[in-house]
Amino acid sequence: QVQFVESGGGLVQPGGTLRLSCTASTSIFSGSAIRWYRQAPGKSRELVATILSGGNTGYTDSVKGRFTISRDNAKNTVYLQMNNLKPEDTAVYYCNVVPPLNWGQGTQVTVSS
């Protein structure tokens, strides 16, 4: 069973930056589309960004121009660069392949002054 380990979250002020990482325990990322999701308290999980095996990317409207998804297949790792963070970005962030498998623990991002 593949395991996803997300890291890089933390507490940051509005306008700040964070870089999230997600590493898979197998080489499952190779050839797979990968997504970042987030879940805020009391809300359902939300799709944030997608990167296809060929490198094409897509973003939900609320993060376009601020977030960048990238991948390093050799390291079984996907990244989410988050710039100009806003309080509404506060959530637990998760990664998964498409279609999703088991979920990791996620990494908490808190944007607050």
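Q: Taking buried to mean under 20% relative accessible area, exposed over 50% and partly exposed in between (1.4 Å probe, protein chains only), is C95 buried or exposed?

A: C95 counts as buried, because its relative accessibility is 0%. This is a predicted model, in which local features need pLDDT of at least 70 and side-chain atom pairs count only at pLDDT 80 or more, while totals for chains, interfaces and linings use all residues. Residues are numbered from 1 along each chain as its sequence is written, and side-chain values use heavy atoms, with hydrogens and water left out.

Q: And which residue forms a disulfide with C95?

A: The partner is C22, with the two sulfur atoms 1.7 Å apart, where a disulfide is a pair of cysteine sulfur atoms within 2.5 Å. The pair links distant parts of the chain, since C22 lies in strand β3 (residues 18-24) and C95 in strand β9 (residues 91-97), 73 residues apart. Strands here are DSSP runs of E with at least two residues, numbered from the N terminus. C22 is buried as well, with a relative accessible area of 0%.

Q: Okay, changing topic: what is the order of the strands in the open sheet?

A: The open sheet has six strands in the order β2-β10-β9-β4-β5-β6, and their pairing is mixed; two strands pair if DSSP finds at least two bridges between them.

Q: Which strands stand at the edges?

A: Those are β2 (10-12) and β6 (57-59), each of which has a single partner strand, so one side of each is left without a neighbour in the sheet. From one strand to the next the twist averages 25°, with axes taken as lines fitted to C-alpha atoms and angles running from 0 to 180 degrees between N-to-C directions.

Q: How many bridges join β4 to β5?

A: Five bridges join them, and the two strands run antiparallel, with R38 having E46 in β5 as its bridge partner. They form a hairpin with six residues between them, and G42 in the turn has a positive phi of about 75°.

Q: What about β5 and β6, how many residues lie between them in the hairpin?

A: Five residues lie between them, and G55 in that turn has a positive phi of about 105°. The two strands pair in the antiparallel sense over three bridges, and A49 stands opposite Y59 in β6.

Q: Last one: which residues touch the most other members of the largest nonpolar core?

A: Of its 27 residues, these are F29, W36, V78, L80, M82 and Y93. Such a core is a set of buried Ala, Val, Leu, Ile, Met, Phe, Trp, Tyr and Cys residues joined through side-chain atoms within 4.5 Å.

Terms used:
Helices (H or I, at least four residues) and strands (E, at least two) are DSSP runs, numbered from the N terminus.
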